[in-house]
Amino acid sequence: MLVKKHTPREPKLRNFGVAFLVGGLIGLLAEVISMILKNCFAFSTVEAGLIVALIVIGVASLFTALGFFDSWVSKCKCGLIIPTTGFAHSVSSSALEYKRDGLITGLGSNFFKLAGSVILYGIISAFLLVIVRLVIGG
Amino acid sequence: MNYLMAFLFAGALCAFAEVILDNTKLTPGHITSLYTVMGAFLSFLGCYDKLIAKFGAGATVLISNFGHSLYSSAWQGYLEDGFLGIFSNMLCKSSGVITGAIVIAFLVSIIFKPKN
């Protein structure tokens, strides 16, 4: 009871607003960059999507390495976790954190520590859904 | 108009994730996995292509797009090469994101020192 009473209350409404704004801005920026790539440089939609994803990953990884992305993530939470920035941040932050344990036993074996669950459950669910679609004959 | 749609869609999904994070005991890891599975499921229902057509990069920049690209390339592989195609084609579209994340994160972690 005492612990519950003294735990600071999370400002849920503010978190909601911040996540909406930050997530929305990332979506907006990605759309702007992909429009520029498509209209000015004549890239196809697929190529533009890949370039945008690489830019987002590059910026998120660089900011993580420079040390200020962690505090952004703890402030904006889902606004930065749900876009591809979250994936890049989890990979590069675990790479940086475990680097001192060695290149193989540290960096190598902990590289996908946080992002592994996304890849695992993504592939498993995609595989099962394809099987389901085969069985129901879609 | 496209920009407004991208902003609203990406913002709405992030805000929805924030509601889940604040009101349950799930961690960010749970939520990103959940969104990936949800993306694969929406793709299974045939919705995700329509979402991308409507919201553009607002839909492709989210982690749920990863599930969509896994499912759609696995299905594409089945149509082209049969059952083995599911295995050989699964990572086809998402290869760019995974390889990009590996290469960039590796370079960055080699160059920079961790800050505590």
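Predicted model: local features only at pLDDT ≥ 70, side-chain atom pairs only at ≥ 80, totals over all residues.

A:Asn110 counts as buried because its relative accessible area is 13%, and the cut-off for buried is under 20%. You will find A:Asn110 in helix H7 of chain A. What lies 2.9 Å from a polar atom of its side chain? The answer is the backbone oxygen of A:Gly106. Leaving aside residues up to four places away in sequence, A:Asn110 touches A:Ser94, A:Tyr98 and A:Thr105.

Now step back from this residue and look at where the two chains meet. Chain A brings 63 residues to the contact, and chain B brings 61 residues. Between them, chain A and chain B bury about 5,300 Å², and 81% of that area is on carbon and sulfur atoms. Which parts of chain A supply at least two residues each to the side that touches chain B? They are helix H2 (12–40), helix H3 (45–66), helix H5 (78–81), helix H6 (84–97), helix H7 (103–110) and helix H8 (116–135). H2(A) gives the largest share of that side, with 17 residues. Sorted by class, the side of chain A that touches chain B is made up of 43 nonpolar, 14 polar and six charged residues.

What about polar links between the chains? If you look for salt bridges between chain A and chain B, the count is zero. Polar contacts do occur there: 10 residue pairs between chain A and chain B are in polar contact, with both residues at pLDDT 80 or more.

Finally, follow chain B on its own. Its secondary structure consists of seven helices and zero strands, so that, by the way elements are assigned from DSSP runs, reading from the N terminus gives α-α-α-α-α-α-α. The C-alpha trace of chain B spans about 50 × 40 × 35 Å along its principal axes. How many of the contacts in chain B with a separation of 6 or more join residues 24 or more positions apart? Such pairs account for 45% of them.

Chain B has 116 residues, and 51% of them count as buried. As for its surface, chain B exposes about 5,700 Å², with carbon and sulfur atoms supplying 70% of that area.

Technical notes:
Residues numbered from 1 in each chain as written. Chains lettered and ligands numbered in written order. Heavy atoms only, no water. Contact = heavy atoms within 4.5 Å. Buried area = accessible area lost by both parts, 1.4 Å probe. Salt bridge = Lys/Arg side-chain N within 4 Å of Asp/Glu carboxyl O. Polar contact = N/O pair within 3.5 Å; in protein donor to acceptor, adjacent residues only side chain to side chain. Helix = DSSP H or I, 4+ residues; strand = E, 2+ residues; numbered from the N terminus. Nonpolar A, V, L, I, M, F, W, Y, C, P; charged D, E, K, R; others polar. Buried < 20%, exposed > 50% of the residue type's maximum accessible area, 1.4 Å probe, protein only. Areas by Shrake-Rupley, 256 points an atom, 1.4 Å probe, with all protein chains shown as cover.
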